[in-house]
Amino acid sequence: MSYNLLKGKRGIIFGALNEHSIAWKVAERAYEEGATFTLTNVPVALRMGETQKLAEKCNTEVIAADAANVEDLEMLISRSVEVLGGKLDFILHSIGMSPNVRKGKHYSELDYDLLEKTLDVSAISFHKVLQVARKQDALNQWASVLALSYVAAQRTFYGYNDMADAKALLESIARSFGYIYGRERNVRINTISQSPTPTTAGNGIKMFDNLLDFSERMSPLGNASADECADYCIVMFSDLTRKVTMQNLFHDGGFSSMGMSLRAMEQYKKGCPEEEDPNHIYD
Ligand SMILES: NC(=O)c1ccc[n+]([C@@H]2O[C@H](COP(=O)([O-])OP(=O)(O)OC[C@H]3O[C@@H](n4cnc5c(N)ncnc54)[C@H](O)[C@@H]3O)[C@@H](O)[C@H]2O)c1
């Protein structure tokens, strides 16, 4: 159902790779709600993914850009303002990538060159987007900028690896830049901390199916889907949330406030071995 919540608003959506992507769902909902926007992704993702299909559906343009490259961002943001016919009202940063995870590096054995890449692409790129937008004065007053995060920024999750560090940095950038941009231009900047979601990036997490199941059993409202995340993003882009800024907003069915649920405990009991080796280190 459409409420015209984004009627007349212009934006940029990063990170729609295929129909499972959270950014894909956000684009579909933003279009339904009356927004105009450009879509962007790295050239390799544009070759392998289906972003062009989404652009046709949303009657928009795809602009190739590496979010870690400042020149690419300068071109993307100025071109978007030109194509859309005015300054922007919203940006979605829906980007995550860890070469350490891809290469199966253990957290205690991280490759530091790869760690730099993880942090650059998954977190510092958010700062770069904001810095370029501010320099170009590309955002309207009360614009809303969002990045997607995960609760591993606050708590340790097996297998999330250096993406946990990237998410902690991402959330910190939202606060630090939120202060500056809020004071100057009333621009609000937040992160949404989403439930585990079956997407290309999600499936890269070690034992992702088990994480999904555990999280579902722990959350009183169950895991939040990509479609539900898109709904939340739309509300955050709308004028209904104008005084929300510098927050990390949990969109996780209650998971982050739980310690243990009966559903999770019962499942745990079923799978518990009679005896375990007390000397084994489970990493
Ligand atoms: N899937 C989950 O379980 C989950 C949970 C919480 C948060 N998130 C976050 O949601 C966001 C979107 O991920 P998703 O789950 O939709 O997966 P996805 O794989 O569909 O999206 C990740 C996107 O990042 C893009 N990307 C990678 N490197 C880039 C670069 N250098 N420049 C520009 N784009 C680049 C990819 O091409 C891809 O489109 C990520 O920040 C992710 O960490 C995902």
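**Exercise 1.** Decide from the burial of its residues how far helix α1 (residues 22–32) is enclosed by the rest of the structure, which is a predicted model.

*Solution.* Begin with the residues that count as buried, which in α1 are I22, A23, W24, K25, V26, A27, R29 and A30. These are eight of the eleven residues of the helix, so α1 is largely enclosed by the rest of the structure. To finish, follow the chain just past α1, where G34 adopts a positive phi of about 95°.

**Exercise 2.** Describe how helix α4 (residues 70–84) packs against helix α6 (residues 112–135).

*Solution.* First take the geometry: the two helices pack at an angle of about 50°, and their axes lie 9 Å apart. The crossing of α4 past α6 is right-handed. Next, locate the contact, to which α4 contributes V70, L73, E74 and I77, while α6 contributes K128, V129, V132 and A133. Sorted by class, this contact holds six nonpolar and two charged residues, with no polar ones.

**Exercise 3.** Carry out the analysis for α6 and helix α7 (residues 163–185).

*Solution.* Here the angle is about 15° and the axes are 7 Å apart, so that α6 counts as roughly parallel to α7. The handedness of this crossing is right-handed. On the α6 side the contact consists of T118, L119, S122, A123, F126, H127, L130 and R134, which meet M163, D165, A166, L169, L170, I173, F177 and Y181 of α7. By class, the contact comprises eleven nonpolar, three polar and two charged residues.

Definitions and conventions: Residues are numbered from 1 along each chain as its sequence is written. This is a predicted model: local features need pLDDT of at least 70, side-chain atom pairs count only at pLDDT 80 or more; totals for chains, interfaces and linings use all residues. A residue is buried if 20 or more other C-beta atoms lie within 10 Å of its own, exposed if 12 or fewer, and partly exposed in between; C-beta atoms are placed from the backbone. Helices (H or I, at least four residues) and strands (E, at least two) are DSSP runs, numbered from the N terminus. Axes are lines fitted to C-alpha atoms, for helices over the stretch in contact, and angles run from 0 to 180 degrees between N-to-C directions. A crossing is left-handed if the near helix is turned anticlockwise from the far one by less than a right angle, and right-handed if clockwise. Two residues are in contact if their C-beta atoms, placed from the backbone, lie within 7 Å. Ala, Val, Leu, Ile, Met, Phe, Trp, Tyr, Cys and Pro count as nonpolar, Asp, Glu, Lys and Arg as charged, and the others, Gly among them, as polar. Angles under 35 degrees count as roughly parallel, over 145 as roughly antiparallel, 65 to 115 as roughly perpendicular and the rest as oblique.
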